[in-house]
Amino acid sequence: HITGDSIDLFGNYVLSASWRPEKPLQLWDLRTCGLVKDYNWVNHAEPCMLYAGQFSKDPMASHVVGGGSGSNEARVFERESGNMVGSMRGM
């Protein structure tokens, strides 16, 4: 389910951050109502249940970020490639 500040919009795209253990950070296309990308969020010890997700504020929204509880973690991904570029744990 969706909770907190976990939906963000950029052009025709919606970023959703879901409070669930699998596939918590996803990118959707409003034109097709279809899933564009699942951002790989695998934790080997404890899942991260997301409370927040947002596009970066640069003109192209080149990154997305999500953060939540459980593993108490935040991660930054390149929007298009899906590559993780940074993380912070144990907050």
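Predicted model: local features only at pLDDT ≥ 70, side-chain atom pairs only at ≥ 80, totals over all residues.
**Entry 1: the core**

I began with the largest nonpolar core and found that it has 12 residues. Its members are Leu15, Ala17, Leu25, Leu27, Tyr39, Trp41, Cys48, Leu50, Phe55, Ala61, Val64 and Phe77. Which strands each supply at least two residues of this core? I noted β2 (13–18), β3 (25–29) and β5 (48–55). The largest share, 3 residues, comes from β5. As background, nonpolar side chains in soluble globular proteins tend to be buried together.

Leaving aside residues up to four places away in sequence, Leu25 touches Leu15, Ser16, Ala17, Lys37, Asp38, Tyr39, Trp41, Leu50, Val64, Val65, Gly66 and Phe77.

**Entry 2: the rings**

I then turned to the aromatic side chains, where the count comes to 4 aromatic pairs. For Trp19 and Tyr51, the ring centres are 6.4 Å apart and the planes stand at 55°, so I wrote this pair down as tilted. Where in the chain do Trp19 and Tyr51 sit? Trp19 is in the loop between β2 and β3, while Tyr51 is in strand β5, and the two are 32 residues apart.

Tyr39 and Phe77 make another tilted pair, with 5.4 Å from centre to centre and 45° between the planes. This pair also links distant parts of the chain: Tyr39 is in the loop between β4 (34–38) and β5, Phe77 is in strand β7 (residues 73–78), and 38 residues separate them. Tyr39 counts as buried because its relative accessibility is 1%, and Phe77 is buried at 1% too.

**Entry 3: the cysteines**

How many disulfides does the model have? The count comes to 0. I looked at Cys33 and Cys48 anyway. Cys33 is exposed, with a relative accessible area of 67%. Cys48, a member of the core, is buried at 1%.

**Entry 4: strands and turns**

I finished with the pairing around β7. β6 (63–70) and β7 run antiparallel, paired over 6 bridges. Within that pairing, Val65 stands opposite Val76 of β7. The two strands form a hairpin with 2 residues between them. Which residue in that turn has a positive phi? It is Asn72, at about 50°, although Asn72 is not a glycine. I also noted that Asn72 is partly exposed, with a relative accessible area of 33%.

β7 is joined to strand β8 (residues 84–89) as well, by 5 bridges and in the antiparallel sense. Here I met Phe77 again: its bridge partner in β8 is Met84. The hairpin of β7 and β8 has 5 residues between the strands, and Gly82 takes a positive phi near 85° there.

Lastly, I checked Lys23, which lies in the loop between β2 and β3. Lys23 has a positive phi near 50°, and it is a residue other than glycine.

Definitions and conventions
Residues numbered from 1 in each chain as written. Heavy atoms only, no water. Core = buried A, V, L, I, M, F, W, Y, C linked by side-chain atoms within 4.5 Å. Buried < 20%, exposed > 50% of the residue type's maximum accessible area, 1.4 Å probe, protein only. Helix = DSSP H or I, 4+ residues; strand = E, 2+ residues; numbered from the N terminus. Contact = heavy atoms within 4.5 Å. Phe/Tyr/Trp six-rings, centres within 6.5 Å; stacked < 30°, edge-to-face > 60°. Disulfide = S-S within 2.5 Å. Pairing = 2+ DSSP bridges.
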